[in-house]
Amino acid sequence: MTADKRLTEEDVVAELRDGMTIGIGGWGSRRKPMSIVRAILRSGLSELTVVSYGGPDIGMLCATGQARKIVYGFVSLDTIPLEPHFRAARQAGTVEAMELDEGMLQWGLRAAAMRVSFLPCRAGLGSAILDINPSMRTVVSPYDGEELVAMPALPLDVALLHANRADRRGNAQYLGNDWYFDDVFAMAAARTFVSCERVVEPGALVREGPEQTIKVSRLWTDGVVEAPLGAHFTHCLPDYPRDEAVQREYAGSASDADAWAAFRARWVDVPEADYRRLARAAS
Amino acid sequence: MTADPTRAERCVVACAEAFRGDGEIVASPIGVIPTLGARLAALTFEPDLIYTDGDALILGAPIPLGDDTAPKVVEAWLPFGHMFDVVWSGRRHVMMGATQVDQHGNQNIACIGPWARPKAQLLGVRGAPGNTVNDPTSYWVPNHSPRVFVPAVDCVSGVGYDRAAAAGPSATRFHEIRRVVSNLGSFDFETDEHRMRIRTLHPGVTLDAVTEATGFPLVVPDPIPTTRAPTDEELALLRDVLDPAGQREREIAG
């Protein structure tokens, strides 16, 4: 009997614990596993460390105060360059931050994937990175004497991804023109949960797109959530573009507590089926 | 040509000039005027320069700016994961924005005020630390003012010459701040101490005006060259092919 890894968003949240380090795939406001993020927002989970090429995932977990620490190279909504909830949390000093060069973030995940404590890189030298991350060290190459940054491993308890398609065995497929670093997040994590627009029969993914689009195989995944519009309001190309109107509504919700409460009531504290109806109507 | 070049069109040419001599590397311009500059260079004096749609696709021909429906001539694929490889290989020249830049070429896009608790949180350092120690890097500033050209930046995102030197030979090995282009002129660091120098001023910009708009002393050549005008061919490409909707005129003041 082969494994059937299908779960709901609530099942995934039940596997999470306070204080965990959670990596989130996608990039900025692109193909984020928002239905799982919303389930986390509705849960009582707290003290999370969130590692991400950040967008509204980081912003929302800052807004609710569930992120104790965030690890990022940037946080942006793309068409709205500055993420207002992330800004508010940083400016109020309510979240601990580990800010990295974008390439260093990937390098830390790769180190975790390789089960080594660091990987060397040139990026970071001379910049504020070593000042704002005082525990970060440099290393001297035993081969040519170059002094390089020793980017520490960023091991994840859990990675959360959103793919275009998956099968029940946990193979995940990316039909857009960039899978960003989803595969690296999966490799860096002890456990990986992937949501997708549609679950297809095992063996049927090759009818959706060529083999090389099946970027994350079941070797790396522990659960699959079928979540149509699961990345909304971020984009999930080619299935749907970003919902700019809802994104604007989200960005506007950072203006005060009432605005956030209103956004939350409309777009977070609702059953997923209702959310999808609302999202379809809005777009 | 019918009309004289505008200030924005001079800026595009000054940005294009930053890519001269780059050959077959990836140009990564951020912003309208740098994007037009890179594409103009690729269509004229740097024919092998590689440019993208701003996303994951390497283009074989430019698309009119802002026309999302224009068919793309796709030459190759360059997703972010591979772009990071390109950055660390040194085969890229990025022209980024700068919220702050100082006389040594340090740049800040991360935050204003102390990093630990910023007065204004911006993007974060993004790829600036890695870009600047691995590849030639330039900056585009559409609003030249003492708030941007500051004595010292609040958070060193892109590494300048003094910080690279202090960090040692592995930081300076591939480090080059090629150019800073603003709405007032173009600037380089081709001086003994790598301090920012006026390379050209745009027509109508006086030394007094640029001095007043800069929060540190600039190295001033004598005489001060004027930013060259686009050629007739460049102007036609710019107006008819690259930016028929005139987005370039909306990015700068004056």
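Predicted model: local features only at pLDDT ≥ 70, side-chain atom pairs only at ≥ 80, totals over all residues.
1. Residues are numbered from 1 along each chain as its sequence is written, and chains are lettered from A and ligands numbered from 1 in the order in which they are written.

2. Chain A also has a cis peptide bond, which joins Leu237(A) and Pro238(A) with omega at about 0 degrees. Pro238(A) has its place in the loop between β12 (223–226) and α9 (244–252) of chain A. As background to this point and the next, most residues other than glycine have a negative phi, and most peptide bonds are trans.

3. Arg31(A), although not a glycine, has a positive phi of about 45 degrees, and it lies in the loop between β2 (21–24) and α2 (34–42) of chain A. Arg31(A) counts as buried because 28 other C-beta atoms lie within 10 Å; the term buried requires 20 or more other C-beta atoms within 10 Å of the residue's own, exposed requires 12 or fewer, and partly exposed covers what is in between, with C-beta atoms placed from the backbone. Tyr180(A), likewise not a glycine, has a positive phi of about 50 degrees and is found in the loop between β10 (172–173) and α7 (182–188) of chain A. Tyr180(A) is buried too, with 22 other C-beta atoms within 10 Å.

4. As to its overall form, chain A has 11 helices and 12 strands. Its radius of gyration is 19 Å, close to the 19 Å that the globule rule gives for 283 residues, so chain A is as compact as a globular protein of that length (the radius is taken over C-alpha atoms, and the rule is 2.2 Å times the number of residues to the power 0.38). The C-alpha atoms of chain A fill a box of roughly 60 × 50 × 30 Å along the principal axes, and 52% of the 283 residues count as buried. Of the contacts in chain A with a separation of 6 or more, 75% are between residues 24 or more positions apart, where a contact means that the C-beta atoms of two residues, placed from the backbone, lie within 7 Å.

5. The domain assignment of chain A gives domain 1 (19–99 + 155–276) and domain 2 (118–152), with bounds that come from an automatic or database domain assignment. The centres of domain 1 and domain 2 of chain A, taken over C-alpha atoms, are separated by 30 Å.

6. In chain A, three strands form an open antiparallel sheet in the order β6-β8-β7, where two strands pair if DSSP finds at least two bridges between them. Because β6 (118–121) and β7 (137–140) of chain A stand at the edges with a single partner strand each, one side of each is left without a neighbour in the sheet. The twist averages 45 degrees from one strand to the next. β6(A) pairs with β8 (residues 147–152) of chain A in the antiparallel sense over four bridges, and Pro120(A) stands opposite Ala150(A) in β8(A). Helix α5 (residues 102–114) of chain A lies across β6 and β8 of chain A and runs at about 145 degrees to β6(A); axes are lines fitted to C-alpha atoms, for helices over the stretch in contact, and angles run from 0 to 180 degrees between N-to-C directions.

7. The contact between the chains takes 35 residues from chain A and 35 residues from chain B. On the side of chain A that touches chain B, the elements that give two or more residues are α4 (84–92), α5, α6 (129–132) and β8 of chain A, and the largest share, four residues, comes from α4(A). The residues of this side divide into 16 nonpolar, 10 polar and nine charged (Ala, Val, Leu, Ile, Met, Phe, Trp, Tyr, Cys and Pro count as nonpolar, Asp, Glu, Lys and Arg as charged, and the others, Gly among them, as polar).

8. In chain B, β10(B) and β11(B) form a hairpin with two residues between them, and Val180(B) stands opposite Phe187(B) in β11(B). β11(B) also pairs with strand β12 (residues 197–201) of chain B in the antiparallel sense over four bridges.
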